[in-house]
Amino acid sequence: MLRHLPLIAIAAAAWAVCLLALSWLASVWLGRSLSTGELVLVGAALVVVAVVVVQGLLQRDRRKMQDMRDSALW
């Protein structure tokens with residue numbers, strides 16, 4: 001868990017920054033603030049994107065480790 005903590009913190013910070021930026025852009029563009037439901041939907045979409053990115057990074061790390069193990073056996 002401690003190994004993944006920086007990735008989780010980065011994802012949470014990116015999520016908060018994206019929501020803040022999106023709410024500011026929407027308030028400028030629409031002339032009103034985003035509703036709570038709209039913020040929840042956007043937040044859920046950002047969480048899904050963050051999970052996909054983090055899992056891709058973890059999969060890449062697993063493949064590197066597996067390649068190193070395989071090359072060490074030969």
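D70 is found in helix α2, and in this predicted model D70 counts as partly exposed, because its relative accessible area is 33%, which lies between the 20% limit for buried and the 50% limit for exposed. Although D70 and A11 are 59 residues apart in sequence, the C-alpha atoms of D70 and A11 also lie 32 Å apart in space.

**The largest pocket**

- The largest pocket has a volume of about 160 Å³, and the elements that give two or more residues to its lining are α1, which covers residues 5–30, and α2, which covers residues 36–73.
- The lining of the largest pocket is made up of L7, I10, A11, A14, W15, C18, L46, V49, A50, V53, V54 and L57.

**A nonpolar patch on the surface**

- W15, V47 and V51 together form a nonpolar patch on the surface, and the accessible area of these residues together is about 240 Å².
- V51 has its place in helix α2, and V51 is described as partly exposed because its relative accessible area is 41%, a value between the limits of 20% and 50%.

- Is C18 buried, partly exposed or exposed? With a relative accessibility of 36%, C18 counts as partly exposed.
- C18 and V42 are 24 residues apart in sequence, and in space their C-alpha atoms are 9.2 Å apart.

- R3 lies in the segment before α1, and R3 counts as exposed because its relative accessibility is 60%, which is over the 50% limit.
- How many residues apart in sequence are R3 and M65, and how far apart are they in space? R3 and M65 are 62 residues apart in sequence and 15 Å apart in space, taken from C-alpha to C-alpha.

Definitions and conventions. Residues numbered from 1 in each chain as written. Predicted model: local features only at pLDDT ≥ 70, side-chain atom pairs only at ≥ 80, totals over all residues. Heavy atoms only, no water. 1 Å grid on protein atoms, 1.4 Å probe; cavity = no way out; pocket = protein on both sides within 12 Å on 5 of 7 lines; lining within 4 Å. Points joined across faces, edges and corners; volume = space filled by probe spheres on them. Helix = DSSP H or I, 4+ residues; strand = E, 2+ residues; numbered from the N terminus. Patch = residues over 30% accessible without salt bridge, like charges linked within 9 Å, V, L, I, M, F, W, Y side chains within 5 Å. Areas by Shrake-Rupley, 256 points an atom, 1.4 Å probe, with all protein chains shown as cover. Salt bridge = Lys/Arg side-chain N within 4 Å of Asp/Glu carboxyl O. Buried < 20%, exposed > 50% of the residue type's maximum accessible area, 1.4 Å probe, protein only.
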